[in-house]
Amino acid sequence: MIAKKICLIGSFAVGKTSLVRRFVESIFSEKYQTTIGVKIDKKIVQIPSQDVQLMIWDMEGRDEFSQHRTSYFRGAAGYFLVIDSTRPETLEVALETQEELQGQLGELPFIALITKRDLTEQRRLDPHRLATMEESGWEILETSAKTGINVERAFQRLAEKILDS
Amino acid sequence: MITESIFRELGILLIRVDLTTDNAVSEYHHIGEPPSWAEDFLPSESKTIPLTDIFPFIESFIPDAIACWNDNAAEKCQSGVWTEVAASSVQYQLEAQALKTDNQYIIAITNLTPTYQLRQHVYQKAREIALANEKLKLQLNQRQRQLQTLIEKTISERQSEEELNDVVKGSASAVMICKPDGGVEIINQALMDIYSVSHENPLQHRSLLAQWLKEAESIHPEIHRVVDSGGYWEGEFESESNGESKWIRLAIGPVLDNDGGIEHLVCIANDMSELRKSNREIEKLTDYDLTTQLPNRRHFWKQLTKHLDNCIRHKSSFALIYIDIDQFKRINEGLGHHGGDFLLATLASRLSRSVKRDDFIAHLGGDEFALIINMAREDIDLGKIAYRLMEKINKPTLIEEQNVSVSASVGIAIHPRDGRDATSLMKNADLAMYHAKEMGRNQFQLYAPHLGQHFMGRLKVENLLRQAINQGQFRLEYQPQICTGKNPYLRMEALIRWDHPEEGVIPPGQFIPIAEENGLIIDIGRWVLETACRQAKEYADTGLDLVMSVNVSAFQLKDIHFPATVIEVLSEIGLPAKYLELEITETTVMQDLDKVINILRELKKHGISIALDDFGSGFSSLNYLKNLPVDNLKLDRSFIHELPYSDEGKTITASLIKLAHDLNMKVIAEGVENNQQLDLLLEQGCDYIQGYFFYYPLDPQKIRDILTMLKAQPNYSWIESVSTTTLANKRQN
Ligand SMILES: Nc1nc2c(ncn2[C@@H]2O[C@H](COP(=O)(O)OP(=O)(O)OP(=O)(O)O)[C@@H](O)[C@H]2O)c(=O)[nH]1
Ligand SMILES: [Mg+2]
């Protein structure tokens, strides 16, 4: 079976760890436990052609003071750009990160995940901006680690994209 | 091997890596007995382990490790923390480091789990607060925009003022509607609360808009342009309210008339001070500085005492290195707080990457860093280490498209040689650092006992200074500035003298800089001003005309109340303002040009004249001179000193004098000591001469004699009294 490294990248507290926990352990917690450094989890996804062992690198969120080390991305086959639907600033962080990563890693498959979809009342993202991103070719999925919606699908899609590329 | 057992004791797993000739990993072996935590990961039977299978994280670190081994790429030697789940499902926080000893390539894996909780806690708190801040800001922002739109609508639909008043008064946000020139139309209670003003006189807020624009300007230079052009502006800045500093979030939006002109400005403010404070609070809760993520002063102190205990027990030695960034305050003001913080964080990360793992680095706060360097061997070259640190600091940092270069002064004290306890070590490292600064910055200094004498001198001066005012140890002397033309009055500069009962005469050069540093200059300055004015009043009362020139330090001028203080002194003493001149130095002016100009204007408005001291010593650009409300320029004595032998000096004085005259200023030459200098200055049209050639600084009685003489001979000319060839020649032509 082939193994692929994928990374979850985005601002702090956008829900990266929650996505991984939902996907790997099928649990969700309201309590915020910030990640320091990196944690690696593994899970096999089945896509029509074959099984893929995903090595999921959940990374410390980006904030003012913590910059990712380039070494963390080494060997990645694809990544999620994680954006919090309730915090417009996290979209800006994602856009910045994407620009940097592209310079660093070249064109790798990625998917933008708009998280916390269950919090519809608090949604604060500008739909026009999302539309523009989609027009420019971004694949965007709206997820909720709380309800589980689109979580499985996201990992599945990224694995497919990686194998297609 | 002893060392191996030490590593085991420290919980460090050592792995030897064999590289093939083309730099690929061929094999891993762990060395010695693995620490107990590692047994959770390692297969028990074999010593050859596929390390990247056990720790997948290592795979991404290997290229860095190889760069570290082969190219000494120090910044790549550490992997960063990662979390690994063992077979037992226990989670471990680990960090790898690449090392090279005896040509063996080693990866050392440290178990950080025991201290991880602490570390995590810091980040957790910081991010939770950042999150709360972000949410709150978002809400405020939204509320602000809603209110803005509502008010704009009410105004543009020409609804009654009453309705508008209701909208504004009912708002929980602080609102002011004003004319583009700042004239207040409506202001609500919430705003008055922020600025603690009473209801009766809300119109005293006429200047509020101007105040905001000025305050915001330093971090948001675009504010004037945006507001003036009828744009919408919002941002945060520090604002002063009754002497208290607040952090304000402000939005300014225009209401336009039909022709697109600005009719009103709608300003909505929110006091964010509490929010900001909470950020600072958590820094206090923790052992880390949040700007740089380095251990803070408290943490450093703990570590230092621990280190001392250890060293005393093992009879070993360590060095304390104290780093202070040169002129950081100025840089910080130039960059704004964000830029300053970014710079500090960058320096911190560079510094921490350049020290060994068992050394310790802390950010003591502000622009101070400290390091504890183990001196396992006697021959460790501290100079080299200091030099390396300074190099790291000197490297330019890109901040907002601008390359910023800074330097640092470094002081070093060694335990036990330079101090056996934490306090004296710190004191001596600080003293050495101070010495490095005095020697011209961007250098390091090892502590030596003789540095202490200088320090003692300083401290002593400082202590003595405090008594000097109360015990009346100061007095003034007055040095005449004689007029080269015919003039009925005498100008003089008041000069401070300090006669200490035991120490004798202490020259101003030795105590004024210290007084400026510790703020005593304010009291001293006030004493000088009062004494000189009182003296001038005494002379004036006997019908003797004069101008008394008094030196003012940068420190005094920074006080916005300074003009008021001067006026108060004058009126208390009853001295008409025209008798007083204030002397300020060029460097003082340049420190804060706009502010100083305002203060000078204020003083001049009352009839006080201004002289610019040391002119020509500081800045090459003369452009700013045009805007300075200055009556007299004092040529720096270094120019005069060169006369008449230096052609360059001659040209400079000639052009400075001409420039001053073009700007309607008079020129005073300082330090004139001989006939040739005088001749030349006269030829160049200099207006006043001060120096030993005419008079030493004199006591009040001698001045009185001169004034009496002048009164008796209203047409007296000093120039004629000394026979000068120039003048004689001139008269012949
Ligand atoms: N309602 C809701 N809350 C979520 C969702 N996903 C995450 N959260 C909450 O958001 C907070 C942050 O989640 P994390 O998964 O720890 O975020 P992270 O991106 O890993 O954060 P860092 O490790 O600090 O970068 C937690 O309080 C979660 O409970 C979601 O889909 N819905
Ligand atoms: Mg996380």
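Predicted model: local features only at pLDDT ≥ 70, side-chain atom pairs only at ≥ 80, totals over all residues.
Colleague: Which residues come nearest to ligand 1?

Modeller: There are 21 residues around ligand 1, and those that come nearest are A:Lys16, A:Thr17, A:Ser18, A:Tyr32 and A:Thr34. The shell around ligand 1 divides into seven nonpolar, eight polar and six charged residues.

Colleague: What makes the pair formed by A:Ser18 and ligand 1 a polar contact?

Modeller: A polar side-chain atom of A:Ser18 lies 2.6 Å from an oxygen atom of ligand 1, and the cut-off for a pair of N or O atoms is 3.5 Å, so the pair counts as a polar contact. A polar side-chain atom of A:Thr34 also lies 2.6 Å from an oxygen atom of ligand 1, while for A:Ala13 a backbone N or O atom lies 2.9 Å from an oxygen atom of the ligand. Of the 650 Å² of accessible area that ligand 1 has on its own, the protein covers 94%.

Colleague: Which protein atoms are donors of the magnesium ion, ligand 2?

Modeller: The protein donors are OG1 of A:Thr17 and OG1 of A:Thr35, which lie 1.9 to 2.1 Å from the magnesium ion. A:Thr17 belongs to helix α1 and A:Thr35 to the loop between α1 and β2, so the pair ties together parts that are 18 residues apart in sequence.

Colleague: Why is A:Thr35 called buried?

Modeller: Buried means under 20% relative accessible area, and A:Thr35 has 14%, so A:Thr35 counts as buried. A:Thr17, at 25% relative accessibility, counts as partly exposed.

Definitions and conventions. Residues numbered from 1 in each chain as written. Chains lettered and ligands numbered in written order. Heavy atoms only, no water. Near = heavy atom within 4 Å. Polar contact = N/O pair within 3.5 Å; in protein donor to acceptor, adjacent residues only side chain to side chain. Areas by Shrake-Rupley, 256 points an atom, 1.4 Å probe, with all protein chains shown as cover. Nonpolar A, V, L, I, M, F, W, Y, C, P; charged D, E, K, R; others polar. Donors = N, O, S within 2.8 Å, 3.2 Å for Na, K, Ca; no water. Helix = DSSP H or I, 4+ residues; strand = E, 2+ residues; numbered from the N terminus. Buried < 20%, exposed > 50% of the residue type's maximum accessible area, 1.4 Å probe, protein only.
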